Amino acid sequence: MALGLALALVVALGIGLWPGSLKADDRAQVVAQRQADMTRMAAAMRVIGRFLKNEGATVAEVGASAVVIRTVATKMTTTLFPEGTAVGVGDSAAKPEIWSQWDVFSQYAADLTAAASRLSAVTGAGNPGALRAPIVVVVRSCSACHESFRQGKP
Ligand code: HEC
């Protein structure tokens with residue numbers, strides 16, 4: 001119990017000091033973590049793509065995919081992009097402009113969060129025909145941010 005509390009404190013303090021004090025290993029770790037999260041979103045998008053092409057994905061699966069995307073989107077401005085993790089750290093493809101234009105970057109993340117929430121809500125109504133429009137908004141939201149802030153690979 002006491003140990004658990006001590007650990008919780010260490011974690012809390014770590015977050016308090018972060019991002020300025022992130023060590024090199026930790027920065028590489030964050031890059032790997034966010035790339036894994038982005039890859040989870042890409043997998044969710046493939047499920048959604050199967051739905052669009054009538055290749056067997058259900059409305060419920062699209063809903064679950066939207067929740068995965070929303071979960072990652074909400075982490076983008078909290079834990080996934082600390083300063084000091086631009087191109088040059090690990091194999092980061094994050095442009096330095098993310099931090100000089102943090103408001104713009106945050107808006108893209110908020111747009112994706114909203115788009116994924118909307119898609120999730122629409123899947124709740126169970127009408128397959130209503131899904132296409134909110135899906136398009138999600139897809140555009142991914143590429144809009146990549147065009148501005150992802151190095152080399154739009
Ligand atoms: C707010 C900006 C933003 C949004 C929105 C966004 N991305 Fe990204 N994405 C990035 C950045 C920046 C990188 C580069 C990260 C790095 O290399 O460290 C990236 C990288 C990726 C990668 C490559 C991961 C790897 O292993 O290198 C994939 C795949 C990806 N994104 C998928 C998506 C999908 C799918 C969506 C929408 C559902 C999305 N992204 C939305 C900013 C964003």
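Of the 154 residues of the protein chain, 25% count as buried, where buried means that 20 or more other C-beta atoms, placed from the backbone, lie within 10 Å of a residue's own, exposed means 12 or fewer, and partly exposed covers what is in between. This is a predicted model, in which local features need pLDDT of at least 70 and side-chain atom pairs count only at pLDDT 80 or more, while totals for chains, interfaces and linings use all residues. Residues are numbered from 1 along each chain as its sequence is written.

**Overall fold**

- The protein chain has six helices and zero strands, with helices (H or I, at least four residues) and strands (E, at least two) taken as DSSP runs and numbered from the N terminus.
- Of the contacts in the protein chain with a separation of 6 or more, 67% are between residues 24 or more positions apart, a contact being a pair whose C-beta atoms, placed from the backbone, lie within 7 Å.

**The largest nonpolar core**

- The largest nonpolar core has 27 residues, and Ile69, Ala73, Ala109, Leu112, Ala116, Leu119 and Val138 touch the most other members; such a core is a set of buried Ala, Val, Leu, Ile, Met, Phe, Trp, Tyr and Cys residues joined through C-beta atoms within 7 Å.
- H2, H3, H5 and H6 each supply at least two residues of this core, and the largest share, eight residues, comes from H5.
- Leucine 112, which lies in helix H5, is buried, with 24 other C-beta atoms within 10 Å.
- Leucine 112 and valine 137 are 25 residues apart in sequence, and their C-alpha atoms are 8.3 Å apart in space.

**Helix H6**

- The end C-alpha atoms of H6 are 26 Å apart, which agrees with the 26 Å that its 18 residues should span at 1.5 Å a residue, the expected span being 1.5 Å times one less than the number of residues.
- The buried residues of H6 are Pro134, Ile135, Val138, Ser141, Cys145 and Phe149.
- Seen down the axis of H6, these buried residues fall within an arc of 115°, so they line one face of the helix; the arc is that of the directions from the helix axis to the C-beta atoms.
- An α-helix has 3.6 residues a turn, so residues three or four places apart point the same way.
- On the other side of H6, Arg132, Ala133, Ser143 and Glu147 are exposed, whereas the buried residues of H6 pack against H2, H3, helix H4 (97-100) and H5.

**Helix H2**

- H2 has 29 residues and reaches 42 Å from its first C-alpha to its last, close to the 42 Å expected at 1.5 Å a residue.
- Among the buried residues of H2 are Arg27, Arg34, Met41 and Phe51, and what covers the buried residues of H2 includes H3 and H6.
- Asparagine 54, which follows H2, has a positive phi near 55°.

**Around the ligand**

- Of the 24 residues around the ligand, Gln35, Met38, Ala93, Cys142 and Cys145 come nearest, a residue being near a molecule if its C-beta atom, placed from the backbone, lies within 6 Å of it.
- Helix H2 (24-52), helix H3 (59-80), helix H5 (102-124) and helix H6 (132-149) each supply at least two residues of this shell, and H2 gives the most, with eight residues.

Key:
Two residues are in contact if their C-beta atoms, placed from the backbone, lie within 7 Å.
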